[in-house]
Amino acid sequence: MAVDSNKLIIFDTTLRDGEQSPGASMTRDEKIRIARQLERLKVDIIEAGFAAASQGDFESIHAISGIIKDATVCSLSRANDKDIARAAEALKPAARKRIHTFLATSPLHMEKKLRMTPDQVFEQAKIAVRYARQFTDDVEFSPEDGSRSDMDFLCRVIEAVIKEGATTINFADTVGYAVPELYGNMLRTLRERIPNSDKAVWSVHCHNDLGMGVANSLAGVMIGGARQVECTINGLGERAGNTALEEIVMAVRTRKDYFNLEIGVDATQIVPTSKLVSQITGFAVQPNKSVVGANAFAHASGIHQDGVLKARDTYEIMRAEDVGWSANKIVLGKLSGRNAFKQRLEELGITMESAADTDAAFIRFKELADRKSEIFDEDIMALVSDEQHSHEHEYYNFVSLTQQSSSASKPVASVVFSMGGKEEICKGEGNGPVDAIVNAIESKVASGAELLLFSVNAITTGTESQGEVTMRLSKAGRIVNGVGADLDIVVASAKAYISALNKLHSKIEKLNPQL
Ligand SMILES: CC(=O)SCCNC(=O)CCNC(=O)[C@H](O)C(C)(C)COP(=O)(O)OP(=O)(O)OC[C@H]1O[C@@H](n2cnc3c(N)ncnc32)[C@H](O)[C@@H]1OP(=O)(O)O
Ligand SMILES: CC(C)C(=O)C(=O)O
C-alpha cells in the first residue's frame, strides 16, 4: 500500500477523450501537430486515439507512433481481441507503447449497456489484459464507471487483472459523479484491500460534469495515492469535459508545499499548447479559465493594480511567463526576412513539414504584412495553421470571394472554390454577408448539413486584427468544427465553412466509401 514514488505521471488524452467533445474531431495532420506540441510540453503519455474506432483514428495513432520519441504512445481499446489487436497494430512503430483496455464494472453499465453478468465481466477483463500483454508489457486497465461500482466486485476484478499483467489501474469517474473525499477514500480502500495493489501504478480519470474533475483527481492523488493523472488540454472531453492538464500541473507546482510531487511537464509550453488545441478544435478558451484564459493574469481593479505594482505576489500566485504567456509584442513586419521568420517559428515551437512549406508560409506572411502593419505571434500561428491545413489535399478548397453589402439591399456574394479538384464559381444572397456566402457555397455543394454554431473571435487586439471564425456543422449524427482566419471576417467565414465541409466529407466518405 505504501506509495514509494513522488513522481506524478501526466497522461494526456486530448487526442482521445478530448476528441470525444462534439465537434472537436481532428484530422490526422492536426493530431500530429498536437502530438508534437504535447511532446514539447513533456507529458509522459499521449493517448493518441482509439484505433478500432475508425481507419482515420488508426492512421493517426500509427503516424504519431512513428514520430513521437520521448513520450509513451497509447491507444484505447475495448476489452475484446479485435480492438486490442488493432491497437497493437497501430502502435507498432512506437518506441514506447501502451495498450489501454477498459470494461465497465458498475451494476448499471454491466446490466443495461454491456448486458453481461459480473462473472462474464470478470472473465472478459482478465482475457483482455492477458491478450494485450502479448503485444506490450505496458498495459493499462480501466474499470469504466469505477466510482459507481461495488467495492467487493472492483477488488476482485482489479486483483485479477493485475495478476494477468496490468501495470496501470485507472480508477475512472466516467460520469463525473464523484466528490473529492469519497473518491479519494474509495481509491485508498482499493489499494489497501487488494493484496497485489503495489504491483501497479494507480491512476485517476475524472470527468467534469459537476465541475469537480480537478478536485477529484487531486483527492485521488493525495488521499488515494494515485501517481498518474489522466487529463486534457483546456479540459476538453466528453460532455462537460475532463480534468484540465494545465490546472493539475499548476496546482501541484504552485502548492508544492502541500503536494510534494514532481511533474516532468515544461510549464512554459502550457499556453502555446492551449492555443494550438483551441485553434485546431475551434473550442475557444473562456477568458476566466484558470491558467490559460486571457484574463488569468489580468488585474482590472485599482486596489489589485496598486498591490501588484508594489509587490506582484500580493495578487499573483503564479507568474504568467512561467506558463508561457508572453507579452503581446510585435514580432515581425513586412521588412523582416526569411531567417527572422524561421527563427520566430522555432521560438513558437512550430515545425514545418518541409522547406517548401516554410517558403509558402513566408510568402503568406509577407502578404499579411502588406495588409496589416503589426504582426503578432497569434497572427503567425493562425497563418501557419491555415497553411498546413491547405496542404492536406482536401476535397474542397477556398480560392476567392467577392461580396457586396449595403444598408439598403440584401447582401450578395460570389465564391470561387474547388470541389474534387474542379474550380466552381457560385453566387448567393442572404440575410447578411455570411449568410450570403454560405448560401452561395451550398448552391453547389448541397451538403444538407445543419449549422449549429457560428462564432467570431479577434485573434489579437485592434480593429485590424485577424478574425478567427468557427463554424460547427452537423449531419447524420456527426458534428464537426471548421476554423478559418483572415483579416476579412467574411473570408474567414468562408474558409471556416469550407473547412467544416471537408471534415464532414472525410468522415462521411470513410463511413460510406462509395460516396
Ligand atoms: C467512457 C469512454 O469514453 S469509452 C470510449 C468511448 N469512445 C468511443 O466510443 C469511440 C468511438 N466509438 C466507435 O467508433 C464505435 O462505438 C466502435 C467502433 C468502438 C464500436 O462500434 P460498433 O461495433 O458499431 O458498436 P456500438 O458503438 O453500436 O456499440 C458498442 C458495443 O460495444 C460494447 N462495449 C462497450 N464497451 C465495451 C468494452 N469496454 N469492451 C467490450 N465491449 C464493449 C457494447 O456493449 C456494444 O456491444 P453490442 O453491439 O453487442 O451491443
Ligand atoms: C476509457 C475510460 C478511461 C474513460 O474514458 C472514462 O471512463 O471516462
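**Reading the terms of a predicted model**

Tutor: The shell around ligand 1 is made up of 7 nonpolar, 3 polar and 5 charged residues. The structure is a predicted model, in which local features need pLDDT of at least 70, side-chain atom pairs count only at pLDDT 80 or more, and totals for chains, interfaces and linings use all residues. Residues are numbered from 1 along each chain as its sequence is written, while chains are lettered from A and ligands numbered from 1 in the order in which they are written.

Student: What makes a residue nonpolar, charged or polar?

Tutor: Ala, Val, Leu, Ile, Met, Phe, Trp, Tyr, Cys and Pro count as nonpolar; Asp, Glu, Lys and Arg count as charged; the others, Gly among them, count as polar. By this rule, the shell around ligand 2 divides into 3 nonpolar, 5 polar and 2 charged residues.

Student: How do you know that a residue is near a molecule?

Tutor: The C-beta atom of the residue, placed from the backbone, must lie within 6 Å of the molecule or strand in question. Ligand 1 is surrounded by 15 residues, and the closest are Phe50, Ala53, Arg78, Ala79 and Leu103. Around ligand 2 the residues include Asp17, Glu144, Asn170, His205 and His207.

Student: Which elements each supply at least two residues of the shell around ligand 2?

Tutor: They are strand 5 (139-144) and strand 6 (168-173). For ligand 1, strand 4 (97-104) and helix 4 (107-114) each supply at least two residues of the shell. Helices (H or I, at least four residues) and strands (E, at least two) are DSSP runs, numbered from the N terminus.

Student: Why is arginine 16 called buried?

Tutor: A residue is buried if 20 or more other C-beta atoms, placed from the backbone, lie within 10 Å of its own, exposed if 12 or fewer, and partly exposed in between. Arginine 16 has 24 other C-beta atoms within 10 Å and is therefore buried. Arginine 16 lies in the loop between strand 1 (9-12) and helix 1.

Student: Is arginine 239 buried, exposed or partly exposed?

Tutor: Arginine 239 has 13 other C-beta atoms within 10 Å and therefore counts as partly exposed. This residue is in the loop between strand 8 and helix 9 (245-254), and its phi is near 55°, a positive value in a residue other than glycine.

Student: What makes valine 291 a buried residue?

Tutor: Valine 291 has 26 other C-beta atoms within 10 Å, so it is buried. Valine 291 is found in the loop between helix 11 (270-281) and helix 12 (302-310). Its phi, near 65°, is also positive in a residue other than glycine.

Student: What makes a crossover right-handed?

Tutor: With the strands pointing away from the viewer, the path from the first strand over the helix to the second must run clockwise. Strand 6, helix 7 (residues 180-193) and strand 7 form such a right-handed β-α-β unit. The chain then crosses from strand 7 through helix 8 (residues 213-222) to strand 8, again in a right-handed β-α-β crossover.

Student: Which strands pair with strand 1?

Tutor: Strand 1 runs parallel to strand 8, joined by 4 bridges, and isoleucine 9 stands opposite glutamine 228. Strand 1 also pairs in the parallel sense with strand 2 (residues 45-50), over 2 bridges, where aspartate 12 stands opposite isoleucine 46. Strand 1, helix 1 and strand 2 make a right-handed β-α-β unit.

Student: How do you know what span to expect of helix 1?

Tutor: The expected span is 1.5 Å times one less than the number of residues. Helix 1 (residues 28-41) has 14 residues and reaches 20 Å from its first C-alpha to its last, close to the 20 Å expected. Just after helix 1, lysine 42 takes a positive phi of about 70°.

Methods:
Two strands pair if DSSP finds at least two bridges between them.
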